[in-house]
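Please keep the sequence and the coordinates open while reading.

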Amino acid sequence: MINVDEQIVTYRKQLKSKLDPMRYEHSLSVSYTCIALAMRYGYDFHRAELAGLLHDCAKRYGDNELIVKCQKHNVELTEEERNAPAVIHAKYGAWMAEHKFGVHDKEILSAIRCHTTGKAYMGTLDKILYIADYIEPRRNKASNLAEMRFLAFQDLNQTMYELLASTLDYLKKKNTDIDPVTRQAYEYFKNITKGE
Ligand code: DGI
Ligand code: FE
Ligand code: FE
């Protein structure tokens, strides 16, 4: 029986050999940020670390390659996902985590699967990973990052609401197709936080 630490070291080696160096750095950074958030919110930090480490494992493939791979392995894509291919690496990443990395933990797979769009009724690990992906120290994507980094350790739902709002804003400005799951996630968090 291999222990958790050995497992993580093995996964790191595998990812380092397959991902571009900055993507690997991002994955490590997300895994440590997941640990910190898990400690804050009382979630098992070993599981959070694993979710963070593997979340972008499918980023080594381009959009078309991902679509072909999903077809090959019967990972069903919606019409909307095909029109917003940036989201597909999350769904295929969850497939890879299960079938290539041998992870069977349902909460880890769920967190990887929804890390790009979010979704309604997200669980604690889903939120931790979504947020860690934005606030990790090497990341520079959201406009109000300093505030989000502070808020993430105060209130997960409020942070989800703010991050989804800024993602939708960004996607609208880019004039790109928006996966309805992203909108549903936004509406869900708007509702439960009353959009405060
Ligand atoms: O994989 P990362 O770069 O670490 O980050 P990510 O998985 O959160 O997001 C990848 C991209 O996906 C990011 O530029 C935002 C974009 N995205 C998120 N939701 C949607 C989306 N793109 C489209 N077209 N539609 C969406 O609904
Ligand atoms: Fe991603
Ligand atoms: Fe990421």
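## Asp126 and its surroundings

Leaving aside residues up to four places away in sequence, Asp126 touches Glu107, Ser110, Ala111, Cys114 and Lys119, where contact means heavy atoms within 4.5 Å. Asp126 lies in helix H8; helices (H or I, at least four residues) and strands (E, at least two) are DSSP runs, numbered from the N terminus. With a relative accessibility of 5%, Asp126 counts as buried, a term that stands for under 20% relative accessible area, with exposed over 50% and partly exposed in between (1.4 Å probe, protein chains only). Asp126 and Pro137 are separated by 11 residues in sequence and by 19 Å in space, C-alpha to C-alpha.

## Basis of the model

This is a predicted model, in which local features need pLDDT of at least 70 and side-chain atom pairs count only at pLDDT 80 or more, whereas totals for chains, interfaces and linings use all residues. Residues are numbered from 1 along each chain as its sequence is written, chains are lettered from A and ligands numbered from 1 in the order in which they are written, and side-chain values use heavy atoms, with hydrogens and water left out.

## The two iron ions

Four residues supply the protein donors of the iron ion (ligand 3), namely His26 (NE2), His55 (NE2), Asp56 (OD) and Asp133 (OD), at 2.2 to 2.3 Å from the ion. Donors are N, O and S atoms within 2.8 Å of the metal (3.2 Å for Na, K and Ca), and sites may look incomplete because water is not among the atoms. Along the chain, the donors of the iron ion (ligand 3) follow the spacing H-x28-H-D-x76-D. His26 belongs to helix H2 (residues 21–41) and His55 to the loop between helix H3 (45–54) and helix H4 (63–72), so this pair ties together parts that are 29 residues apart in sequence. His26 is buried at 5% relative accessibility, and His55 is buried at 0%.

The iron ion (ligand 2) is coordinated at 2.1 to 2.2 Å by Asp56 (OD), His89 (NE2) and His115 (NE2), and the spacing of its donors along the chain is D-x32-H-x25-H. Asp56 bridges the iron ion (ligand 2) and the iron ion (ligand 3), which lie 3.5 Å apart. His89 lies in helix H6 (residues 88–99) and His115 in the loop between helix H7 (106–113) and H8, so that these two histidines tie together parts 26 residues apart in sequence. Both His89 and His115 are buried.

Helix H11 (residues 180–193) has 14 residues and reaches 20 Å from its first C-alpha to its last, close to the 20 Å expected at 1.5 Å a residue; the expected span is 1.5 Å times one less than the number of residues. The buried residues of H11 are Thr182, Ala185, Tyr186, Tyr188, Phe189 and Thr193. Seen down the axis, these residues fall within an arc of 165°, so they line one face of the helix, the arc being that of the directions from the helix axis to the C-beta atoms. They pack against helix H8 (124–135) and helix H10 (156–174). Just after H11, Lys194 takes a positive phi of about 60°.

For the 19 residues of H10, the span should be 27 Å at 1.5 Å a residue, which agrees with the 27 Å between its end C-alpha atoms. Buried residues of H10 include Leu156, Met160, Tyr161, Leu164 and Leu168, and what covers the buried residues of this helix includes H2, H8, helix H9 (145–151) and H11.

## Aromatic pairs

A search of the whole structure finds seven aromatic pairs; rings of Phe, Tyr and Trp (its six-membered ring) pair if their centres lie within 6.5 Å, and planes under 30 degrees apart count as stacked, over 60 as edge-to-face and the rest as tilted. Tyr11 and Phe101 form an edge-to-face pair, at 5.4 Å centre to centre and with 70° between the planes. This pair links distant parts of the chain, with Tyr11 in helix H1 (residues 4–18) and Phe101 in the loop between H6 and H7, 90 residues apart. Tyr11 and Phe101 are both buried. Tyr61, Tyr92 and Trp95 form one aromatic cluster.

## Cysteines

Zero disulfides are found in a search of the whole structure, a disulfide being a pair of cysteine sulfur atoms within 2.5 Å. For Cys57, the closest cysteine sulfur is that of Cys70, at 12 Å, too far for a bond; Cys57 is buried at 2% relative accessibility. The sulfur of Cys114, a residue that Asp126 touches, is likewise too far for a bond, at 12 Å from the closest cysteine sulfur, in Cys34. Cys114 counts as buried at 4% relative accessibility.
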